[in-house]
Amino acid sequence: MPPIIIRLATQADLPDVAALWVEKIILLQQLDARFRLQPDAESRFSQTAAAWLEAPDTRLLVAIRDGLVAGFVTAQIQANWPGLQPEKLGAVTHLAIDSHGQPGGIGRLLLDAVREWFTQVGIQQMIVHVPQRFAIEQAFWRASGAAEWIDLLWMNL
């Protein structure tokens with residue numbers, strides 16, 4: 001199996017990262033109709049991701065296999081609720097892996113890189129955004145040591 005390289009994303013990676021994100025959301029739409037893509041969702045995601053490349057409190061990491069983006073993760077440093085310790089938490093807001101590629105531990109390698117960055121900047125705890133109906137992602141995060149903490153509820157107005 002070809003080696004997997006984890007590195008900071010570059011501007012050149014953004015079209016592939018955005019395409020992986022859209023692919024993930026399309027799968028989510030099949031499970032939960034509340035996920036709805038805008039017609040220009042891919043370009044909007046790319047624009048936001050470009051800002052993440054410059055943000056000191058955010059990391060956009062890619063997994064490269066055979067010269068192609070095979071997955072990505074976004075991690076951010078966020079303030080915890082006022083008065084709680086620690087004052088800052090790490091947050092993984094997106095994790096997507098190319099479902100057409102070979103399995104090979106890409107998720108674990110991306111998580112390890114995120115943990116390393118958080119540790120370097122003094123972050124000791126993290127939260128993870130995981131769609132409730134993504135059983136495989138739920139299992140991955142639970143097997144990695146994550147546990148339920150706060151329910152995020154949805155409500156139409």
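This is a predicted model: local features need pLDDT of at least 70, side-chain atom pairs count only at pLDDT 80 or more; totals for chains, interfaces and linings use all residues.
**Cores**

The largest nonpolar core has 21 residues. Val 17, Trp 21, Phe 45, Leu 60, Val 62 and Phe 72 touch the most other members of this core. Two or more residues come from each of helix H1 (14-31), helix H2 (41-54), strand E2 (58-65) and strand E3 (68-79). H1 gives the largest share, eight residues. In soluble globular proteins, nonpolar side chains tend to be buried together.

Val 17 shows how some of these contacts run: leaving out residues up to four places away in sequence, Val 17 touches Phe 45, Leu 60, Val 62, Val 69 and Phe 72. There is also a second, separate core, with 17 residues. Among them are Val 73, Val 92, Ile 123 and Trp 141.

Val 114 is part of helix H3, which covers residues 106-120. Thr 74 belongs to strand E3.

| Residue | Relative accessibility | Residues in contact |
|---|---|---|
| Val 114 | 1% | Leu 61, Val 73, Ala 75, Val 92, Met 126 |
| Thr 74 | 0% | Trp 52, Arg 59, Leu 60, Ala 91, Val 92, Thr 93, His 94 |

Buried means under 20% relative accessible area. Val 114 therefore counts as buried, at 1% relative accessibility. Thr 74, at 0% relative accessibility, counts as buried too. What does the side chain of Thr 74 make a polar contact with? The partner is the side chain of Thr 93, at 2.6 Å.

Val 114 can also be placed relative to Pro 86: the two residues are 28 residues apart in sequence, and their C-alpha atoms are 18 Å apart in space.

**Helix H4**

Helix H4 spans residues 135-143, and Glu 137, Gln 138 and Trp 141 are buried in this helix. Why do the buried residues of H4 line one face of the helix? Seen down the helix axis, these residues fall within an arc of 100°, so they line one face. Trp 141, one of the buried residues of H4, is also a member of the second core.

The cover over the buried residues of H4 includes H1, strand E4 (88-97), H3 and strand E5 (126-128). On the face turned away from the buried side, H4 carries the exposed residues Ala 135, Ile 136 and Ala 143. Just after H4 comes Gly 145, which takes a positive phi of about 110°.

Key. Residues are numbered from 1 along each chain as its sequence is written. Side-chain values use heavy atoms; hydrogens and water are left out. A nonpolar core is a set of buried Ala, Val, Leu, Ile, Met, Phe, Trp, Tyr and Cys residues joined through side-chain atoms within 4.5 Å. Buried means under 20% relative accessible area, exposed over 50%, partly exposed in between (1.4 Å probe, protein chains only). Helices (H or I, at least four residues) and strands (E, at least two) are DSSP runs, numbered from the N terminus. Contact means heavy atoms within 4.5 Å. A polar contact is a pair of N or O atoms within 3.5 Å; within protein, one must be able to donate a hydrogen and the other to accept it, and residues adjacent in sequence count only if both atoms are side-chain atoms. The arc is that of the directions from the helix axis to the C-beta atoms.
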